[in-house]
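Hi,

Here is the structure I promised to pass on. Have a look at it first, and then read my notes below.

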Amino acid sequence: MDFIQLLASGLANGCVYGLIALGFVLIYKATEAVNFAQGDFMMLGAFVCIGFANDDFMGQGFWIAVPLAILVMAVFGYLFNWGVLRHMFGQSQTSIVILTIALGFILRFIAGTIWSHEPVSLETPFAGQDIRFGGVVLGVDEMLVVVVTIILTACLFVFFSKTKIGVAMQAASQNQLAAYYMGIPVKRIQSLVWGLSGAVAAVAGILFASKGAIDPSAGLLGIKAFAAAAIGGFGSLPGALLGGIIIGIVEPLSSRYGPPGVSQIAPYAILLLVLILRPGGIFSQTQKKKV
Amino acid sequence: MNQQNDASPKTILKIDNLESYYGPIVAIRGVSLEVREGQIVTVLGANGAGKTTLLKTISGVMDPEKGTIAFLGEEIQGQEPDRVVRKGIVHVPEGREIFPLLSVAENIELGAYTKNDKAASANDMEMVYSYFPILKERRAQAAGTLSGGQQQMLAIGRGLMAQPKLMLLDEPSLGLSPLLTQEIFEIIRRLNKEQRVTMMLVEQNARVALDTADFGYVMELGRIVMEDDAETLNNSKDVQEFYLGVSQEESQRGQKRWKQRKTWR
């Protein structure tokens, strides 16, 4: 019973990691840059939603706040690429890495200034409710996290494989030059991908804040999600989700059954293991070009 | 300058004094040329002569430093590639450059990215499949698993989907066997005749290019050094020696090649 309980809460956590990792991978595939502020995007999305929803702030209610927060983060991601990153074109990878790390700091302090550094949780209509199966108690919030992740993944799958713009995004990530030749506006596509990953981050943040308290430093979860993305094979969307779920499940299990401290290092130990045994990640997608 | 007579069809692409740079290095220096409607025009030259740069500058992937490119009377130099494609110029790049993880059908559909008429694009797709039946057979398979020749067919077919008025073909024979090269050029000829696509063809394989083309330019070190009807070029002694590998009489102490090259600049 204990085990299943841990598994369920680990799965819920893992979905949040997976969604943040998804944001990493989306941006990496489209622009070959790593957005180290992805965790902070998640945190900001959560706080924007809290700002709209909670009675202490604007008090608009959960169902209005959620789409608003997703929209705000999508626009934020789009504008960040359009206004800042695009102009870094041709600069070294290092400057982009440092830029996104700095963005993370800025977002953390902005969030702290607006919403204070105290932990807050999102007021949801389903807080505290739970469902019992025999001896297992599952929180509605935790189940919702899993359900929403599945729905979002399905939507993304359909978007990428069936819509014109989704296929164009894949094309631009596989061969940027050829995408230019086909008349695909690559720069706008990249901004759209940033917007999309902002929206995914907002969903992750809302889920995170609805099942527990969040404070501005929660953005540092991004590092765990980065490990998740690398475990899954940086560049694979299903891999990112799987990596997140692996980490999410291993954490509570190792803290329950392992010696103290193990749960903190477990994600990175798995990362090391994967990198040694399968350097491309679980779902590596590297392919050599034919000459 | 131009040796074509006035009875020939109207000019659709006119390049004047074009200069492009890779950073500080001049890649093309003052190129002027014309492409007339319905023709196949070839640009010959050795490695590093600036042929690819010329095509990239036309399609907008590179911006020129100086000069003008007029397409159907409208200046298009320095525009973003997606706008150039919308105007009717499609670039089939060197080395295929397909989308390896997408299916063959998705690759072809992406060629019509700038088109919004779904019915017309479906028709075009059938047309592409009729020219390249192998692509229809392989349409569900990832494009990266195709052979080199099939990838080249895919790249050309994908380019056709944009319904181009002018197609820029960069080294379609690169890495292909002589037999496949013949096959590809046969299709290029047919597309030019049957679909009325004007072609600008860059090649190192001068023989097959001159056999296919109506008019030819020879580039060296970023300049146009010769221009004439394909047939005249085919019979020209210089072209025969330098690009077709027809040996002349014994050279004086093997120095002739170098000397003659020198007089071109």
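Helices here are DSSP runs of H or I with at least four residues, strands are runs of E with at least two, and both are numbered from the N terminus. With that in hand, α5(A) gives the second largest pocket the largest share of its lining, five residues. A pocket, on a 1 Å grid over the protein atoms alone, is an open set of points where a 1.4 Å probe fits, with protein on both sides within 12 Å along at least five of seven lines, and lining residues have an atom within 4 Å of a point.

Before going further, a word on the ground rules. This is a predicted model, where local features need pLDDT of at least 70 and side-chain atom pairs count only at pLDDT 80 or more, while totals for chains, interfaces and linings use all residues. Residues are numbered from 1 along each chain as its sequence is written, chains are lettered from A and ligands numbered from 1 in the order in which they are written, and side-chain values use heavy atoms, with hydrogens and water left out.

Back to that pocket. Its 22 lining residues include A:Lys29, A:Phe160, A:Gln170, A:Leu237 and A:Pro238, which lie nearest the centre. At least two lining residues come from each of α1 (2-31), α5, α6 and α10 (237-257) of chain A. By type, the lining has 13 nonpolar, eight polar and one charged (Ala, Val, Leu, Ile, Met, Phe, Trp, Tyr, Cys and Pro count as nonpolar, Asp, Glu, Lys and Arg as charged, the others, Gly among them, as polar).

Two of those helices also pack on each other: α5 (residues 140-162) and α6 (residues 164-174) of chain A meet at about 80°, with axes 5 Å apart. That makes them roughly perpendicular (65 to 115 degrees).

Now chain B, which has 11 helices and 10 strands. Of its 265 residues, 56% are buried (under 20% relative accessible area, 1.4 Å probe, protein chains only). B:Ile69 touches B:Leu13, B:Ile15, B:Leu18 and B:Ile58, among others. The C-alpha atoms of B:Ile69 and B:Asn17 are 8.9 Å apart, though 52 residues separate them along the chain.

Cheers

Methods. Axes are lines fitted to C-alpha atoms, for helices over the stretch in contact, and angles run from 0 to 180 degrees between N-to-C directions. Angles under 35 degrees count as roughly parallel, over 145 as roughly antiparallel, 65 to 115 as roughly perpendicular and the rest as oblique. Contact means heavy atoms within 4.5 Å. Buried means under 20% relative accessible area, exposed over 50%, partly exposed in between (1.4 Å probe, protein chains only). Lists of a residue's contacts leave out its neighbours within four places in sequence.
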